[in-house]
Amino acid sequence: MSADAATHEGHEGLYEGGIWSWLTTVDHKRIGILYFVTGLIFLLIAGLEGQLIRTQLAQSELRILDPDFYNQLFTMHGTTMVFFAGMPLITAFFNYVVPLQIGARDVAFPRLNAFSYWVLLFAGIFLYSSFAFGGAPDGGWFAYQPLTNPEYSPGLGMDFYILALLLAGVGSIAGGVNFLVTIVNMRAPGMTFMRMPLFTWMTLIVAILILLCFPPFTIGLVFMLFDRSFGTHFFDAAAGADPVLWQHLFWVFGHPAVYILLLPAFGVVSDVIPAFSKKGLFGYPVIVFSGILIAFLGFGVWVHHMFSVGLGPIVNAVFGGATMLIAIPTGIKIFNWIATLWGGQLKFTPAMLFAIGLVGTFTIGGLSGVMHASPPSDLQQTDTYFVVAHFHYVLIGGTVFGLFSGLYYWFPKATGKMMSDSLGAWHFWLTFIALNVTFFPMHFSGLLGMPRRTFTYAEGLGLDTFNLISTVGAFIFTVSFIPLVWNLLKSLRSGPDAGPNPWDAHTLEWTMSSPPPHYNFAVLPQVNRRDPMWHPHVEPGAEPPAGVTLGVEPRLQPEVPPEPVIMPGPSFWPLFLAVGLLIATIGGLGSLPVALVGAAISLVGLFGWAFEPVEGEH
Amino acid sequence: MWSFIGSECMLFGTLIATFLVYRSRNVVGPYPADLLNIPFITVTTFVLLMSSLMMVLALAAVSKGDMKMGKIWLFLTALFGLIFLGGQYYEFSHFVHEGLPLSRNLFSSTFFVLTGTHGAHVAGGVLWLSTLLVRAQMGKLDEKNAETVEIAGLYWHFVDVVWIVLFTLIYLLV
Amino acid sequence: MSHDATAHEHPSNRFYVLIAVVLAVLTALEVAVFYVEAMAPILLPVLMVMMVAKFALVVMFFMHLKFDSKVLTIVFVWGLFIAVCIILALMAVSGKFS
């Protein structure tokens, strides 16, 4: 964080100022950077947990890790990856990119945005503090009942899980409102819905998904919290309740959550592929509508995670059919990307490599997904390593590749520095090889019947070779982060200057200097085209011919705003409120006084927030 | 605000779904029919409905710049909300007294958490309205920021709408 | 938060009072129906219709949804629709209708 600040000094004081200015910032670009650094650190932590899991499984009958600790590791690996690595990283891109892409000076509710970040950070730290207080959660990232009721999970671990995710959920819902309203209300003149860049479109859809799918999960967590702390009976079969209800509530959230992680990656790719093919996106409206369709169908497929529960053939058939339907819009997207590549002037930058890598590896994950959309084959595959292979292909081959692609694509915009292409290529190929070496063999170990979440396996089942290969792959994965981190640090220190539009890309964020000034747009742009920077097409740096209607006016933002720009001033109330909520959450572990103190602080924070004047002049 | 309300729909939708699914699955008493006091709850329901009327009148007054009436209507809205909460407090303590603490059975679990969540929303709404009242008292609220009142109003009406549904589903369809 | 307060005409105070009276009457009817023995067989549909009517009245007129922007309406209706679907689906899979 302070390293970042130091690097950017001198650019109109944008990244100047000490820690305090970062703690009180409401600038979407700074918040985006905070999200990114946080997400990357959690990605590394959770990656190391995965590495430990693979080490334990390298050979049969190993005892490197204690079985209890193993349970904690896979729970924390999954929970962290979804909530504290995946979500923050996609939110980092929402924050940094969306206002720039739609021609806005900030998000609709800048202070709420800062609040979302602090809450997420605190939730992550709170979750990890559980290691120091009697053990981390160990009930799996989906925390099935009755395994997680007080009888079978007596320690504090699951309470940490419940409370951390409740806290993170508050931040996510606030973020969802924020981005939805930003995109609906704050687009520049001429930026109609059907001119929005694809990444913004997918953000819009994801914001709606977040709003609609987090509440059922929140309620499920509240039920579980009440069952554990106050003796209610929401999941207590002896009292007439049905523990399966938790599975319903979890997957009503959990399946759309997969699309929350995936659609932004699709959005990144849909912006990156045209930029490096020098061709407009093939079938733009179709990609938009298939995104909407995926989001819509995503709410009607949750039972495919529960085929083996035994809800009956009709229920399973309906949900299996709905699940297969999702393959159609997804396939449409893949064909559109291929058609965009077709005949383009391809440039294989690291961003492009990851984008093309996504098209290939995600398809593999998608295909195995269609396989277990069919209930009979799912009954064979469920809870085996086949499923593990499937969702890692989807989430790494989809989400992670998309995020890395976005990182290489927008890094020059965010920092004003170019990254090294050769290190980027190393990073891509190592990741690509690691993904396939680790997870492809899991299809076989899964089909051979190796169950997930079991800390070891017996000798002579034909599993040893496949597992050894997977473990080797996991080590390559760890190595693959070296060129990434090295590249980031090196480029921040001594990367060549990027200029406003290093890729000759097509969307609005490339019209201003890199990094953008605090107020983003010196004058609000007038947008006339879907790919504004390409009309009329001129070489980078050259002047467009006179008398032609430009795709965007002005084509390059002036250095100094002609009129003073009113920007929201910094505020420490978001941080204050988040601290209050954190204390209340800690109290939720079993101390009423602490919870009340936290609630009181939060209340003070709310009132301070409500009465603070917002506007400040730049 | 509408987007947040869409989200709240899912929140209450989940709670209602749980309540309905578990409705007849109690294995120990007391059962809903033993305890629910329809005439009493009809009165508090009426109070909450009327608070919505106060709210629209407040908004209408504020957007006309009539801050005097605006303050009165806002105050009445919050007051009616408080009366509703008082009724809920009485109802809860009566139930507990009659042998239905939170941890008694499925009915107690679902009933208290569902209506309690709604009550918490009402309480949040009263707090929100009170910040508006303070701002109005300080002279910082007039027709130029009627939108703030409108947003609070949307929230308030939504909480009322949820109660319309809960009243029918919990109390009348026993 | 999400739209321009001055862009549309709000109805008059008398109109609001009228809506409130209708709401109160509907509530009274609901309770009355509940106490009439003869209505018992059709209690469910009658109550549901009145509940939906009250819901719609408040949303359309008190909350001005009738006068609001399309996109926001879509988000709200989408949320409401999915919530109702999930309620029905959960009841269906737990055998409430069979």
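## Where the chains meet

How many residues does the contact take from chain A, and how many from chain B? Chain A gives 24 residues and chain B gives 21 residues. Keep in mind as you look around that this is a predicted model.

On the side of chain A that touches chain B, the elements giving two or more residues are α6 (157–185), α7 (198–230), α8 and α17 (592–611) of chain A. The most comes from α7(A), with 9 residues. Sorted by type, this side of chain A has 19 nonpolar residues, 5 polar and no charged.

## The nonpolar cores

Now let's turn to the cores. The largest nonpolar core holds 260 residues, and the members that touch the most others are A:Val119, A:Leu180, A:Ile208, A:Leu209, A:Val272 and B:Ala58. Helix α8 (residues 244–277) of chain A supplies the largest share of this core, 22 residues.

Apart from its neighbours within four places in sequence, A:Leu209 is in contact with A:Pro256, A:Tyr259, A:Ile260 and A:Ala295. There is also a second, separate core of 5 residues, among them A:Tyr70, A:Leu73, A:Phe74 and A:Met76.

## A look at helix α15

Helix α15 (residues 464–494) of chain A is 31 residues in length. From its first C-alpha to its last it reaches 46 Å, close to the 45 Å expected at 1.5 Å a residue.

Which residues of α15(A) are buried? They include A:Phe466, A:Asn467, A:Gly473, A:Phe477, A:Pro483, A:Leu484 and A:Ser491. Among the elements covering the buried residues of α15(A) are α3 (28–56) and α14 (421–447) of chain A.

Conventions:
Residues are numbered from 1 along each chain as its sequence is written. Chains are lettered from A and ligands numbered from 1 in the order in which they are written. This is a predicted model: local features need pLDDT of at least 70, side-chain atom pairs count only at pLDDT 80 or more; totals for chains, interfaces and linings use all residues. A nonpolar core is a set of buried Ala, Val, Leu, Ile, Met, Phe, Trp, Tyr and Cys residues joined through C-beta atoms within 7 Å. A residue is buried if 20 or more other C-beta atoms lie within 10 Å of its own, exposed if 12 or fewer, and partly exposed in between; C-beta atoms are placed from the backbone. Helices (H or I, at least four residues) and strands (E, at least two) are DSSP runs, numbered from the N terminus. Two residues are in contact if their C-beta atoms, placed from the backbone, lie within 7 Å. The expected span of a helix is 1.5 Å times one less than its number of residues. Ala, Val, Leu, Ile, Met, Phe, Trp, Tyr, Cys and Pro count as nonpolar, Asp, Glu, Lys and Arg as charged, and the others, Gly among them, as polar.
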